[in-house]
Amino acid sequence: MELQENWKLRDFDVGEARDLEVASPEYIDYFWMTAKVPGDVHSTLIERGIIADPFYGHNDQQSRWVEDKVWWYRNTFEWFGEQDDQERIELVFDGLDTYATVYLNGVELGSTDNMFIAHSFEVTRELKKGKNVLAVKIDPVHLHAQAKMQYYWSGFSKKRIWTRKAQYHYGWDWGPRLVCAGIWKGVHLLKRRNAYIDSVFARTSTITDKAAAVEVTVDVLSFNKDKPCSAYVELIDTENNRVASEIIPFDRCNGLVQDGAICAYSLSSEAYLNISNPSLWWTHDLGVPYLYHLKVTLLYNEKSVDVHEQPFGIRTVELMQRDEHGQQTFTFVLNGVKLFAKGANWIPIDSFMAAVPDSRYQHLIHMSKDANMNMLRVWGGGIYERDIFYDECDRLGLLVWQDFMFACALYPDYNRNFMNNVRREIEQVVKRLRSRTCLALWCGNNENDWLYEALRSSGEIPHPFYGEKIYHELMPALLETLDPTRTFWPSSPYGGNDHNSREEGDTHNWQVWHGNIEPREFGQPQLQDYSMDGLSFKKFKGDTTRFASEFGMHASSNRYTLQRNIPENQFFWGSDEMKYRNKDIHHAKGILLMEGFTGAPGNIEEYLDYSMLTQAEGLKYGIEHYRRNKPETSGALFWQLNDCWPGTSWSVIDYYGLAKAAYHYARKFFAPVLITADHDAGKDLILWVINDRLDDYKDTVRLTVYRMDGSVLSIHEFDVSVPANSKLQIAALTEMELTAEANAADVVCVASSASSITEDNFIYLRDYKDMRFNPAQLRVSVDKSADLVRISTDQAARMVKLELDEEWFVMNDNFFDLLPGQIKEIQVKQVNGKTIPWETLRVSALNTNGDSITRF
């Protein structure tokens, strides 16, 4: 029984009311506000007009009082179920944020202190036929943290280290402080009869040419260990054919399991399924992410009492840390194939993620797939994501790097209560996610090992490495038992002499943007160079990392997103409200980065364009370098995919689902076949082909050099044959050969495939600020019936941009370059089915002069 209706909410001052009085069934809550569950307090207050939208202007400051209140939820429901002596009833909260006390019919069932896990209470005797009253009190987090030690290193907040809740709620360098509270996941009444399935762990044991073996461990909780219990385990294909099955008895008792009033015996058993001619699960870029259907039916006295069902892909995944020659590597191997991991870091989808519909998850992950990404990293300062996230990654063929939720801080691993809480969290999270096909790696934390050593060496941290016992003792020991099939990686970055060493493990390249001076070694201070050259994206060229798991640079949100959240009189470059959109306190870094490539912006229009172009070209510069360094480098996950609010950040998709320039660049620089140039001003241009496919690539590659008016200066053609999953250098050309003595600032180079297997790569021989574009006149026509825009130009047009005043629309391309004689067709779609506001269409390029000519 789902308990999602009839919830009410009210705030109290600390100490204002007696708990048992408010929890009492007789308490009058008639004038309380209605609330949604799943949901959160802020979203309810916004919906009721009690607080203004915290994302608009400085409104988040006006809602700071919310985190200081005690919040009570109440629900009245009717239950007329039948039960006998063999049945027990559990009340399950999938997620409570965070310090909650639960009452049913005035009886205190217990308290919670962890947002990340589910909480169950036995209510067999407390539940009544007819009317029942459920009450949940949520304390302000400061009540539980204010008396704790708060002087340890902890970015963005000292109190957060004691609270097992989403760390980004306290603010980060890409999002505001909005300390949420609420019943953020579902609430259920579950009837348990005799026994029920506690967890299922399915994994692929072996794969050969014509067969695969799948092992399924089933853990059961039984109220009577002496009664016969078994399970029927089936694997069913997409055509509903049973391809393997086995009946397994539960003949192994692991003893009593007790959680509050819930007491049962733990039983377990394994099924071994052999599948002939299996269809394997691949990332979408390498094959089909084929999913079988796994069904486990629990039988008690030969009668079905519980069923577990899930999608399951047959695949093997491992992390290779030494190659065939014994050299250090960091390569994911999927079904025996070395993978170049291409993707991004995923942060929580919203500051108020409880109110987010599943459709937003589905759309963002589909956008990731469409951008040729094959891996997402769930970052360790957010949440263990909702089921829909993993469902979509399984279905669409994206691997997941999963952080545990510890980030940029020391955590009190000396405290018994805290460590017991963490252990429960790890056990539950691993059991919940370990059968996910998409899950590739467990990672202990974000940046704690690296930053602790670097900052201690710099004299900024005097304390021991609190938290070390979690990542280096507790987690590996638990995972050895709970999930020995995946690599556990203690931290990100990690490995080598400096946990951010380029010689071993994974790295976070914050030379670019933050100006870190690297390489460094253990014991050396972490120095930074806040200069135009010190944080330039050209620094990527010297990075020889094994695996780049974080790197990136800022770009503005789209115009619509900013104008929707900034007062009109503040929508100008340099305004206080524009500055407030940027939560990275070192605002000068973004200016320096633009100054080095586009020149510093002088107005809001230039800021929008220059920041987006710099981010897009910077990521392209770095990722094409990493891919050319394959196989020594085996992955590039940039920071970051998405936003939790409408601000300026490292994201490539803004809060309203609108792609920035870098998103469309990503589709091209992550393409399975990439034609790429290694070039710096005045040097030779080295042309490469990268082939990540499992088939050989044979084609004619053409490098054409144009003047700005579209006339051709030179054409260079190369017949290429690139073996599967490899790379090939195909040419080295001087600038003189390319330009035929024309000025390098006056030409556009385009690398293309004769077979059109990959998109054209526009290459410029000089930075944007040093190029000499002619003014371009765009011609635009709109076919409303087909939702299609056609664009042409009379001169080479740099970063053609289409804008519409609407959220959640997608285009098959945007922020593209265009040559005279070409007609670009752009398909436009509004994700939620809204009418496209064509009257707001604006089309421009960096070198357009005046409005484009548009025909409808």
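Is Arg-423 buried, partly exposed or exposed? Select Arg-423: with a relative accessible area of 41%, this residue is partly exposed. Keep in mind throughout that the model is a predicted one.

**Stop 1: a pair within one helix**

An α-helix has 3.6 residues a turn, so residues three or four places apart point the same way. Glu-427 is also partly exposed, with 26% relative accessibility.

**Stop 2: the neighbour of α7**

Now select α7 together with helix α9 (residues 468-482). The two pack at an angle of about 40°, and their axes are 11 Å apart. Their crossing is right-handed. On the α7 side, the residues in contact include Phe-418, Met-419, Val-422 and Ile-426, along with Arg-423 and Glu-427 from the previous stop. On the α9 side, they include Ile-470, Leu-474, Met-475 and Leu-478. Which classes of residue make up this contact of α7 with α9? There are 11 nonpolar and four charged residues, and no polar ones.

**Stop 3: a covered helix**

Move to helix α6, residues 387-396. This helix is mostly covered, with seven of its 10 residues buried. To see them, select Ile-388, Phe-389, Tyr-390, Glu-392, Cys-393, Asp-394 and Leu-396. What covers them? Among the covering elements are α7, α5 (358-370) and the strands β19 (303-312) and β25 (399-403).

**Stop 4: salt bridges across the sequence**

The structure holds 70 salt bridges.

Select Arg-520 and Asp-498. They form a salt bridge in which the closest N and O atoms are 3.0 Å apart. Arg-520 sits in the loop between β28 (507-509) and β29 (548-551), and Asp-498 in the loop between β27 (487-489) and β28, so the pair links parts that are 22 residues apart in sequence. Both Arg-520 and Asp-498 are buried.

Next select Arg-667 and Glu-759, whose side chains meet in a salt bridge of 2.8 Å from N to O. Arg-667 lies in helix α14 (residues 661-669), while Glu-759 lies in the loop between β36 (747-753) and β37 (761-763), so this pair ties together parts that are 92 residues apart in sequence. Arg-667 is buried at 12% relative accessibility, whereas Glu-759 is partly exposed at 34%.

For the network, select Arg-559, Glu-605, Asp-609, Lys-801, Glu-803, Asp-805 and Arg-842: salt bridges that share partners join them into one.

**Stop 5: two annotated spans**

Select residues 687-770, which an unreviewed UniProt entry annotates as "domain: Mannosidase Ig/CBM-like". This span is 6% helix and 54% strand, and its end C-alpha atoms lie 22 Å apart.

Then select residues 775-830, annotated in the unreviewed UniProt entry as "domain: Beta-mannosidase Ig-fold". Here the figures are 0% helix and 57% strand, with the end C-alpha atoms 32 Å apart.

Definitions and conventions. Residues numbered from 1 in each chain as written. Predicted model: local features only at pLDDT ≥ 70, side-chain atom pairs only at ≥ 80, totals over all residues. Heavy atoms only, no water. Salt bridge = Lys/Arg side-chain N within 4 Å of Asp/Glu carboxyl O. Buried < 20%, exposed > 50% of the residue type's maximum accessible area, 1.4 Å probe, protein only. Helix = DSSP H or I, 4+ residues; strand = E, 2+ residues; numbered from the N terminus. Contact = heavy atoms within 4.5 Å. Axes fitted to C-alpha atoms, helices over the stretch in contact; angles between N-to-C directions. Left-handed = near helix turned anticlockwise from the far one by under 90°. Nonpolar A, V, L, I, M, F, W, Y, C, P; charged D, E, K, R; others polar. UniProt positions renumbered as here; feature names shortened; annotations may be inferred.
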